[in-house]
Amino acid sequence: MKNLKRIALLALCLCMTLTAASAVTFTDAHGNVIELDETLEAYASFLLSGSDAAARKGETNLGDLWADALRWFAVSGEINSAFEEDDVTAGITSLDVDAEHTVALWNGGNLRGDIPEGKFNAETLAHVLPYPNKVAVVYMTGAQLVEALEAASQGLPYTEETASTCASFMQVSGLKYTVDTGKTYDRGEAYGDHWFKAASLSRVTITEVNGQPFDAEAVYAVITSNANFNGMDSSYMFKEAAQLSERSTITTAVVRDVVWRYLAEALNNVIGEGYAAPQGRIIIE
């Protein structure tokens, strides 16, 4: 009996050792050690561009994919199970607008790496987004949305001198917009270390929203990160709009997890021809 117990104990120790050896952990940009799911795997038919500040300079295929994942999470209804308990108690159990009025914005400074062509895993995605961001919903009028994009684009055209400012540049899903860099950004009140609030609006034009004409008076659900919700970088308008709407909220959903769900459920784990190149959502003149 003692020998059986000893064998069982040794087997348990060996099992624990092998499990520990095979576990993959990642230390995020805030110093949190997270355990990654080794079973996650997908295939990219093309290089998805996010490193070397690519997503700060203009639209990229990775920016399109990332923003699409956020919008998909919202319009598919998957977001409904991610509202905090207090929100549910307050009656927030779904979005207040339809799919045509739902867009996603993701700042290029929060994409820090490429997804290479071929197979990739959870560790690859963690290097692309090394921050513990959660999905947030901000309700904005069309006018507020234009101002948010105007402020986010203030560093363009991208140069070495404006690299930090261009971290706020927005990759998008569900809308198309143009930035006229021939016009000077009208700097208002200083905001943070690298940004200014927009004193007037002249450089950004939203040309359409989900195939429909843009409406400055309509209310749009902007799906983004908790960081933008709280006013990171140039996102003062996100913060102001969130404070004006009790329905705006931060969910429990981790952005990296949402991207994996999009890959698995919407793309069958294959990033194909649709993301071979940027899709023409942003024009920088």
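How many helices and strands does the secondary structure of the protein chain come to? The count is 9 helices and 15 strands, taken as DSSP runs numbered from the N terminus (helices: H or I, at least four residues; strands: E, at least two). Keep in mind that this is a predicted model, where local features need pLDDT of at least 70, side-chain atom pairs count only at pLDDT 80 or more, and totals for chains, interfaces and linings use all residues. Residues are numbered from 1 along each chain as its sequence is written, and side-chain values use heavy atoms, with hydrogens and water left out.

**Overall shape**
- Along the principal axes, the C-alpha atoms fill a box of roughly 80 × 45 × 35 Å.

**Packing**
- Buried residues make up 48% of the 285 (buried: under 20% relative accessible area, 1.4 Å probe, protein chains only).
- Of the contacts with a separation of 6 or more, 79% join residues 24 or more positions apart (contact: heavy atoms within 4.5 Å).

**A look at Arg 281**
- Arg 281 sits in the loop between β14 (270-271) and β15 (282-284).
- Its relative accessibility is 9%, so Arg 281 counts as buried.
- Leaving out residues up to four places away in sequence, Arg 281 touches several residues, including Glu 59, Asp 64, Asp 68 and Tyr 177.
- A polar atom of the Arg 281 side chain lies 3.4 Å from the backbone oxygen of Asp 64.

Key:
Buried < 20%, exposed > 50% of the residue type's maximum accessible area, 1.4 Å probe, protein only. Polar contact = N/O pair within 3.5 Å; in protein donor to acceptor, adjacent residues only side chain to side chain.
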